[in-house]
Amino acid sequence: MGVIKDEFYTEAVKLSNEIKALLKEHGETVIDQVQLAQVYQGMRGIIGLVTETSLLDAQEGIRFRGYSIPQLVELLPKAENGSQPLPEGLFFLMLVGRLPSEADVDHLTSVLARRSHVPNYVFDAIESLPVTAHPMTQLSIGVMALQTESLFAKAYNTGISKSEYWAYIYEDCINLIARLPRIAAYIYRRKYRGGEHIQPNGMLDWASNFAHMLGFEDPTFHELMRLYLTIHADHEGGNVSAHATHLVSSALSDPYLSFTAGVNGLAGPLHGLANQEVVRWIESMYEALETNDPSKEQIAAYVQKTLTEGKVVPGYGHAVLRQTDPRFIAQMEFAKRYCPDDNMIQTVWKVYEAVPPILSSTGKIKNPWPNVDAHSGALLKHYGLVEEDFYTVMFAVSRALGVLASMCIERVCGFPIERPKSVTTELVKRYLNKEVTTLE
Ligand code: CMX
């Protein structure tokens with residue numbers, strides 16, 4: 001691990017120095033203006049964060065360190081005979097800032113395999129919950145239980161210097177990424193497979209080992225896992241899971257505490273839980289229409305019904321994107337190659353034809369196009385992973401790669417505690433009535 005850690009540190013220090021120079025010269029330059037509506041409406045569009053790992057363009061979608069998803073699929077190292085990128089490679093890219101070689105990825109894979117042991121008390125903590133508890137609740141508790149392993153928390157208690165923080169944070173982040181698939185798979189086997197657990201296989205890559213511990217041995221499903229865990233990893237810094245992780249970590253809460261905050265945010269139906277909701281919505285539609293093969297017209301009528309009932313169409317819309325999510329397209333391409341005849345996948349494609357014109361016609365929905373969650377569930381179902389309330393856990397395993405890479409960078413750069421200013425509506429009214437000249 002030392003080699004990657006050294007290269008990461010060298011690059012992050014360069015960045016930190018660049019930021020210091022930038023702020024010295026341009027620190028008072030105004031780069032954004034804020035409208036009152038933005039303050040009340042989820043801070044949409046306000047530039048208030050720096051995240052190096054990825055950048056979201058409203059039209060083009062996500063780029064990770066400058067690389068689009070199709071480029072990553074082409075350029076990141078693959079498993080032997082595989083066609084999908086290894087997520088370890090994306091983690092390396094986000095962390096270090098360059099495309100990894102096969103040797104870099106092999107090294108990272110073996111480090112993660114070596115560090116994947118999860119202490120029994122973590123499983124005991126999960127077991128203390130009713131088996132009916134949502135898998136995201138079980139994941140959150142599992143990661144919290146693991147917090148006793150934090151090297152950063154221990155080192156901080158001994159009074160280390162600020163300049164040493166990053167090294168412990170780094171180790172915690174690698175350890176957490178290594179252990180997450182084991183915890184997630186434990187939850188899956190506990191909840192849906194009668195507690196028959198599968199031991200990790202240290203010869204497999206990170207995603208493949210996850211698939212194996214879940215109990216799936218189809219090599220194409222392992223390929224899907226590699227793609228899934230790559231494309232869900234990061235979506236710049238303002239989304240709820242990334243921002244929550246970043247916010248909590250800015251208080252120097254260790255990576256276990258901080259990532260759990262992100263997990264809890266991802267568990268919201270407007271964020272990561274939407275992948276579960278999409279499958280439920282399609283199944284309710286089948287039931288309501290009494291067919292598993294609805295026509296485009298029937299789907300359109302069901303979408304209208306959903307809107308009339310005051311509900312959202314899950315998997316559609318986005319706070320930033322204004323086009324079809326390239327993560328949706330990547331999954332569609334995978335499905336076209338491996339399972340084009342699957343019934344639910346065909347429904348997903350028909351929904352894709354039917355929904356955007358209807359959402360556009362409402363005049364209020366800013367993005368009528370599908371996001372990542374519109375496709376993932378149907379693919380997982382195809383391979384027999386049918387328990388949709390587990391899907392967000394898989395999203396969380398992937399999201400760890402992005403938010404923890406960012407956390408390592410932030411600690412080298414010494415980003416301070418986050419503390420935006422809030423105001424009251426009373427003060428806003430006084431400002432608008434010119435009774436006060438500033439909202440400060
Ligand atoms: N179905 C119905 N209504 C929708 C909608 C959808 N898919 N998307 C947006 N709207 C509505 C909003 O609820 C809002 O209504 P009100 O004005 O009545 O409150 C209005 O359209 C304007 O919203 P917006 O500015 O277009 O979207 P936001 O930035 O506020 O919200 C998002 C973005 C993703 C929460 C929203 O599009 C949504 O709820 N989508 C469905 C849930 C979903 O798929 N979430 C997953 C997002 C990806 C991820 O994080 O995993």
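Trainee: Which residue has a backbone N or O atom 2.9 Å from a nitrogen atom of the ligand?

Mentor: Leu-270. Mind the ground rules: this is a predicted model, where local features need pLDDT of at least 70, side-chain atom pairs count only at pLDDT 80 or more, and totals for chains, interfaces and linings use all residues. Residues are numbered from 1 along each chain as its sequence is written, and side-chain values use heavy atoms, with hydrogens and water left out.

Trainee: What else sits by a nitrogen atom of the ligand?

Mentor: A polar backbone atom of Tyr-316, at 2.8 Å.

Trainee: And which side chain has an N or O atom 2.6 Å from an oxygen atom of the ligand?

Mentor: That of Asp-373. The ligand on its own has 890 Å² of accessible area (Shrake-Rupley method, 1.4 Å probe), and the protein covers 75% of that.

Trainee: How many residues are around the ligand?

Mentor: There are 20 (each with a heavy atom within 4 Å). His-271, Gly-315, Tyr-316, Lys-366 and Asp-373 come nearest.

Trainee: How does that shell split by class?

Mentor: It has 10 nonpolar, five polar and five charged residues. Here Ala, Val, Leu, Ile, Met, Phe, Trp, Tyr, Cys and Pro count as nonpolar, Asp, Glu, Lys and Arg as charged, and the others, Gly among them, as polar.

Trainee: New topic. How many residues are in the largest nonpolar core?

Mentor: It has 124. Such a core is a set of buried (under 20% relative accessible area, 1.4 Å probe, protein chains only) Ala, Val, Leu, Ile, Met, Phe, Trp, Tyr and Cys residues joined through side-chain atoms within 4.5 Å. Among those with the most contacts inside it are Phe-8, Leu-139 and Phe-210.

Trainee: Which helix gives the most to this core?

Mentor: Helix α9 (residues 165-192), with 17 residues. Helices are DSSP runs (H or I, at least four residues), numbered from the N terminus.

Trainee: Where does the core lie relative to the domains?

Mentor: Domain 1 (1-269 + 390-440) and domain 2 (274-382) both give residues to this core, so it lies between them. The bounds come from an automatic or database domain assignment.

Trainee: What's the backbone like at Lys-434?

Mentor: Lys-434 is not a glycine, yet its phi is positive, about 60°. It lies in the segment after α20 (425-432). Lys-434 is exposed (over 50%), at 72% relative accessible area.

Conventions. A polar contact is a pair of N or O atoms within 3.5 Å; within protein, one must be able to donate a hydrogen and the other to accept it, and residues adjacent in sequence count only if both atoms are side-chain atoms. Helices (H or I, at least four residues) and strands (E, at least two) are DSSP runs, numbered from the N terminus.
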